[in-house]
Amino acid sequence: APKPAAPQGRKPPELPQVERSNWLIHMHYVRGEFDACMRLIKEQLVDSGNLCEYALYVQGLILRQRGRIQESMDAFQQCALLNPSSVNNLKQVARSLFLLGRHRAAAGVFQDAAKQAPDDWEIAHNLGVCCMHMRDFAQAKDHLRRAAGLRPHESTLVQLGKIHIIENDLQHALEVFRRAVELAPENPDLLSTLGLLYMQCNQYQKAFEHLGNALTYDPEHTKAILAAGSIMQAHGDYDVALTKYRVAAGNAPESAAVWNNVGMAFFGKRKFVAAITCLKRAAYLSPFEWKVQYNLGLVHLYTEQYASAFHFLTAAIQLRPKMPALYMLLGVALSNLDDAENCRLAYDEALKVEKETGSRSLDPLVALNYAVYLYNSGDASASGRMLGEFERRLQERHGNAAAAAAEAPDAVETGKRLAALLNVGESLLWRTEAPAAAAAAAAGPADSAAPAVHRAPAGRDQPKRFA
Amino acid sequence: MDPLFQALSLFRRRKYEKCIEKCTEILDKNSYDEAAWLLKMQALTEQVYVDDIENDEDGMAEGLLDDSAIASVARPGTSLRVATAGGGSGGLQQAMRPSTQSGRPVTGFVRPGTQGSGAGSLEQALKTPRTASNARPVTSSSGRLVRLGTASMLSSPDGPFINLSRLNFSKYAPKPQMSRALFEYILYHENDVRTALQLAAMATEAHQFQDWWWKLQLARCYYKLGLFRDCEQQLRSAMKQQECLESYLLLGKVYTKLDQPLAAIDNYNQGLTKFPNDRCLLTGLARIQEGLGNLEKAAECYKDVLRYDAMNVEALASIATQYFYNDQPELALKLYRRLLQLGLASAELYTNLALCCFYAQQYDMCLTCFDRAITVAKKEELADVWYNLGHVALAVGDLSLSYQAFRLALSYNNDHAEAYNNLGVLELRRNNLEMARSFFQAASTLSPSMFEPHYNVAIMAERMGDLQSAYQSVNRAQQFFPNHSDSKDMLNALKVHFSEI
């Protein structure tokens, strides 16, 4: 329709448009120019009398990124009041509730949102995470699986994997993380987590592969360095492991796990003093870590400082009472401290703990060390029985005699010498060779058979203060 | 025997009390005996004399309201006021060595001038514990001087010895023997800096500005009045006439006050060319380096001190602390044992010995040292002894004993922030979350510049899912220990949470 011409010199009155500068707000926000953005939002809100939904929304987002969750939730709630039909607003309110730790309330709001948008993967994902925090794992898994079905996203899979790990279901966790890595093959966090899972399942080749991948994407990833280094250590590549650790120690100099692994690498190279120094620094930084104490005890046994070894081993036992190997090493220390009574008690405790925990493959060394001790204290018949037990365990673990001799040569050697001394050389294991080492007087501390390098995974410890 | 001779002999043997009595007797007989008057004055001065080069204390007013520093934002490494966090050895420092104020690691030797980095504002200074930044409780302005003055008044019940306002200084100023003793009396006994300055000015004039001693005293008065530039001028002028150790030491202090550590280092080095290997100058150098956060360089200077004076307590203790926190407790033990051989027997020394013994794995000596420390210690010190015992119990794995030890530490000193923090950690291990949280809260309010409670609160909050509190706490932890890798990781994880939609 033809409009009447406006009179010259008078502009038409400008109507206050509520959503006028949304584009500019958005531009500032996505560029990360939060200060300018906030200024603009304030103007816009004053102009529109707090009715501009988008300005409020972005204000909420910015406040959240600055860590002010409570204020951001207020903003989102205002948004939800302005536009109750928007799923987005509901989702943000629920997410703020989640970030504040009010998981039950958050789940309720998410469920409301789910009624409006049943096929939103984010809602399903967040519902799953909320259920996980409320320890309702079955439901959490349902929600997360649904989210992954709607749209596979690696964060969903990571959460699902976490639940499997909490439930100690490593096979499923492995599967889930493998899928996550397929989705995001360049994420070093995911790769290293997968590598650690493989390590826990004893698949070292695959673990190493994934950890190596993680390190190619991020050569300074502390967690991956630690895990890869510990695999190298297990294969005796101490120098390579040490060069890897050098990077990690630069990044996280106060991490007890790093110093523990460095210490054990030195131990592997038979540099005992350096090992003790590193391990003691680790113990200083993290006094609650039983692995460090265990390693310290072990190294002190090697350097024949039995009093210190006893001390560290008891500390480790206090921190983690159900470990047969700890009692065994304690027994070794005590036998060198001339405390026969307690030594026998320690070995008995080791056998008892083994029985209680019901571990699948029993440690042959416990039996061997007990046998050596019994022989040294003159109880030849009991020693013979224990030696038989050792033999049984050795076969259980390694299969045949040749494999056992290849994997734990020192232990087999000591066993042979003891068998020769006891004249029980007729059994399967000892028959492969004639008891040539019969001249050996008394078997030394047999724990030298397996250094049992314990690796600490990259964990988070509370720092302590020392004065 | 001649009473004056007797009094002199008593003075030489430092029996000031008796000397004063004797002089009073003489003066009673003959009130115009100038020798006795002089002697009594000197004895009175010596009774309360404190070396004011070593006695340097900042009150609250000096710390906050006085801005004699020129640069407000100095380059790092050129100012004593900016705490250089984690100085030197790759950021590990703060995780290994406890600190007093933010970024200042604990020193091995506490002297009256020990300053942590001062509080930022007056409110903060009033809120923090009174001994947080100084060796003694802080007062509003240089408290020790005020207290010395009042104490001297109390010690003479029948009124003051000399009525200063009635003295005619122009009569005394030209007489060198009289004026010097009188000056010292006014300055150290009466603590009347203004009058002392008046006398010093007159005396300098009477000696035609040729006497370096008077210039030095003028400088000393200016220093006490806070006129540092005037003080520097006088010292320079005195140095031109006579090279003197005291002027170098005073000048070093002036530069410290003006927050010019590099000038102070230059000054000390210059002094060392004139007085090679002097212990006081080397110690001053070491203190400056320590204040700058260069602990390694400070240790080197202290080692130089030890080379020429093997019994220097400050140097021994400082180097020992340095060794202890650098993973060499055996060497620290050696040095602390040397201190013990020198005849020191304080609770601190025994505690340090016990800790060194424990960490150097000399288990036979450890607990006996703690025993000794507990018997010797006073109440405030007992808290620290028990706190350390708690650590030893922790390392042995006896958690209940360590719990009790930390509790005892708290019962002796209610404001022991470290003990609160560690109790919180123990409660966390027992899964008493509420208790743990309140302990951490107490620790962080008592000592806001400690990063541990903040970080621990952050961990707890993160586990509970309260990410807002976690973010706030971990930010605070970062503020006090910027290089802490765990809090960096946590902060990054939280930021990811916040930016996810």
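User: Leaving aside its neighbours within four places in sequence, what is Ala345(B) in contact with?
Analyst: In this predicted model, Ala345(B) touches Tyr350(B) and Val376(B), once neighbours within four places in sequence are set aside.

User: And where is Ala345(B) placed?
Analyst: It's in a loop of chain B, the one between α18 (329-341) and α19 (347-359).

User: How far apart are Ala345(B) and Val376(B), in sequence and in space?
Analyst: They're 31 residues apart in sequence, and their C-alpha atoms are 8.1 Å apart.

User: OK, switching to the two chains. How many residues does the contact take from chain A and from chain B?
Analyst: Chain A puts in 43 residues and chain B puts in 57 residues. Between them the chains bury about 4,500 Å², with 53% of that on carbon and sulfur atoms.

User: How many residue pairs are in polar contact between chain A and chain B?
Analyst: The count is 12 residue pairs, with both residues at pLDDT 80 or more.

User: Which elements give two or more residues to the side of chain A that touches chain B?
Analyst: In chain A, those are α3 (53-65), α4 (69-82), α5 (87-99), α16 (272-285), α17 (290-302) and α18 (306-319). α18(A) gives the most, with seven residues.

User: What does that side of chain A have by class?
Analyst: The side of chain A that touches chain B has 16 nonpolar, 15 polar and 12 charged residues.

User: Now the scores. What ipTM and pTM does the model get?
Analyst: ipTM is 0.81 and pTM is 0.84. Chain B has an average pLDDT of 84, and 86% of its residues score at least 70.

User: Where in chain B is the pLDDT below 50?
Analyst: Residues 85-91 of chain B are one such stretch, with 13 contacts in the model beyond near neighbours in sequence. Residues 147-155 of chain B are also below 50, and that stretch has five contacts counted beyond near neighbours in sequence.

User: Last topic: which residues of chain B does UniProt list for "repeat: TPR"?
Analyst: The unreviewed UniProt entry lists 245-278, 383-416 and 417-450 of chain B.

User: How much helix and strand is there over residues 245-278 of chain B?
Analyst: Residues 245-278 of chain B are 79% helix and 0% strand, and the end C-alpha atoms sit 9 Å apart. For residues 417-450 of chain B, the chain is 79% helix and 0% strand, with end C-alpha atoms 9 Å apart.

Notes:
Residues are numbered from 1 along each chain as its sequence is written. Chains are lettered from A and ligands numbered from 1 in the order in which they are written. This is a predicted model: local features need pLDDT of at least 70, side-chain atom pairs count only at pLDDT 80 or more; totals for chains, interfaces and linings use all residues. Side-chain values use heavy atoms; hydrogens and water are left out. Contact means heavy atoms within 4.5 Å. Buried area is the accessible area (1.4 Å probe) that two parts lose on being put together, summed over both. A polar contact is a pair of N or O atoms within 3.5 Å; within protein, one must be able to donate a hydrogen and the other to accept it, and residues adjacent in sequence count only if both atoms are side-chain atoms. Helices (H or I, at least four residues) and strands (E, at least two) are DSSP runs, numbered from the N terminus. Ala, Val, Leu, Ile, Met, Phe, Trp, Tyr, Cys and Pro count as nonpolar, Asp, Glu, Lys and Arg as charged, and the others, Gly among them, as polar. pLDDT is the predictor's confidence in each residue, from 0 to 100. UniProt positions are given in the numbering used here, feature names are shortened, and annotations may be inferred rather than shown by experiment.
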